[in-house]
Amino acid sequence: MHKTPYDLSMVLRSNPLFGLLQPSERARLIKNHKVISCDSGSPVFLKKQIANDCYFLLEGLVNIEAIDPVSKRKYIKQFIYPGQIFGIISVVAQRKFRIDQATFLQKGLVLSFPKEILFLLVESNLKFAMALFQLINVRGKLAQENLSIFVDKGYEGLVMKFILQQLESKKDKISISQFQLSDFIGVSQQTISHVLRKFARNNLIKLERGIIHINRNQFQLIKKVG
């Protein structure tokens with residue numbers, strides 16, 4: 001267990017989900033929390049691990065990884081950013097064991113809360129319960145979307161989705177190394193290099209050291225035709 005420099009009361013109050021709790025309910029969470037500090041590549045939890053806690057990311061980047069039941073290949077279900085919770089589905093569904101794996105892609109800090117406390121909050125706060133289950137529904141749809149992309153188009157599809165997300169954020173230039181992108185997507189740097197070179201040959205992007213320049217018109221055309 002580690003200490004954190006954060007004012008946890010303020011952090012939870014500013015979160016869209018935990019902000020729905022009463023001060024006494026957030027105090028209950030804080031009283032029962034643990035802080036986990038992990039290096040890049042370290043697991044937060046492993047598949048088949050007992051599902052006793054849910055998690056709130058303070059720092060870093062976490063990757064939720066699963067195995068495609070058909071191809072048996074690993075794929076990215078979702079990325080967790082600071083301020084987001086994860087590991088929640090196994091807890092709420094009352095599964096005894098995890099079915100996915102969560103790994104730090106960047107060194108970071110995470111809060112863990114015991115599922116017993118979460119159940120008490122769901123029972124005592126209707127707004128919190130409704131928001132929590134809505135979040136689970138959204139996460140489930142996102143995970144299914146990533147699986148469909150992966151099965152249909154492989155890692156090229158996931159890289160394509162990442163670039164399209166940058167365009168939606170009005171970015172035509174991404175400052176990211178191939179090593180960082182490989183960590184982000186969750187595949188080898190060799191695979192990322194192969195995909196990016198293919199995109200460059202097709203005039204979708206232009207590669208510069210540490211920078212990916214996006215051909216917005218070409219990507220928008222791809223998005224329109226699916």
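Begin by selecting Gln190 and Arg201 in this predicted model: both are exposed residues, carried on the face of helix α7 that is turned away from its buried side. Extending the selection to residues 189–201 shows the whole of α7, a helix of 13 residues that reaches 18 Å from its first C-alpha to its last, close to the 18 Å expected at 1.5 Å a residue. Now colour Ile192, Ser193, Val195, Leu196 and Phe199, which are the buried residues of this helix. They cover an arc of only 165° around the axis, which puts them on the same side of α7.

Is Glu156 buried or partly exposed? With a relative accessible area of 25%, Glu156 is partly exposed, since the buried class is kept for values under 20%. Leaving aside residues up to four places away in sequence, Glu156 touches Val195, Lys198 and Phe199, and of these Val195 and Phe199 are listed among the buried residues of α7.

Continue past the end of α7, where Asn203, just after the helix, takes a positive phi of about 65°. Next select residues 205–208 and 211–214, strands β8 and β9, which pair in the antiparallel sense over four bridges. Ile205 has Ile214 in β9 as its bridge partner. The two strands form a hairpin with two residues between them, and Gly210, in the turn, has a positive phi of about 75°.

The next stop is Gln101 in strand β6, residues 101–114. Gln101 is partly exposed, with a relative accessible area of 23%. Showing its neighbours, again without residues up to four places away in sequence, brings up Phe45, Leu46, Lys47, Asn63, Ile64 and Glu65. One of these, Asn63, is 38 residues from Gln101 along the chain, with 8.1 Å between the two C-alpha atoms.

Turn now to the aromatic side chains, among which six pairs are counted. The rings of Tyr55 and Phe86 have their centres 5.3 Å apart and their planes at 20°, so this pair is stacked. Which parts of the chain does the pair tie together? Tyr55 lies in strand β3, residues 53–67, and Phe86 in strand β5, residues 85–86, so the pair ties together parts that are 31 residues apart in sequence. Both Tyr55 and Phe86 are buried. For another aromatic selection, take Phe18, Phe56, Phe113 and Phe128, which form one aromatic cluster.

Finally, zoom out to the whole protein, whose secondary structure comes to eight helices and nine strands. Of its 226 residues, 44% count as buried. Among the contacts with a separation of 6 or more, 71% are accounted for by residues 24 or more positions apart.

Terms used: Residues numbered from 1 in each chain as written. Predicted model: local features only at pLDDT ≥ 70, side-chain atom pairs only at ≥ 80, totals over all residues. Heavy atoms only, no water. Expected span 1.5 Å × (residues − 1). Buried < 20%, exposed > 50% of the residue type's maximum accessible area, 1.4 Å probe, protein only. Arc of directions from axis to C-beta. Phe/Tyr/Trp six-rings, centres within 6.5 Å; stacked < 30°, edge-to-face > 60°. Pairing = 2+ DSSP bridges. Contact = heavy atoms within 4.5 Å.
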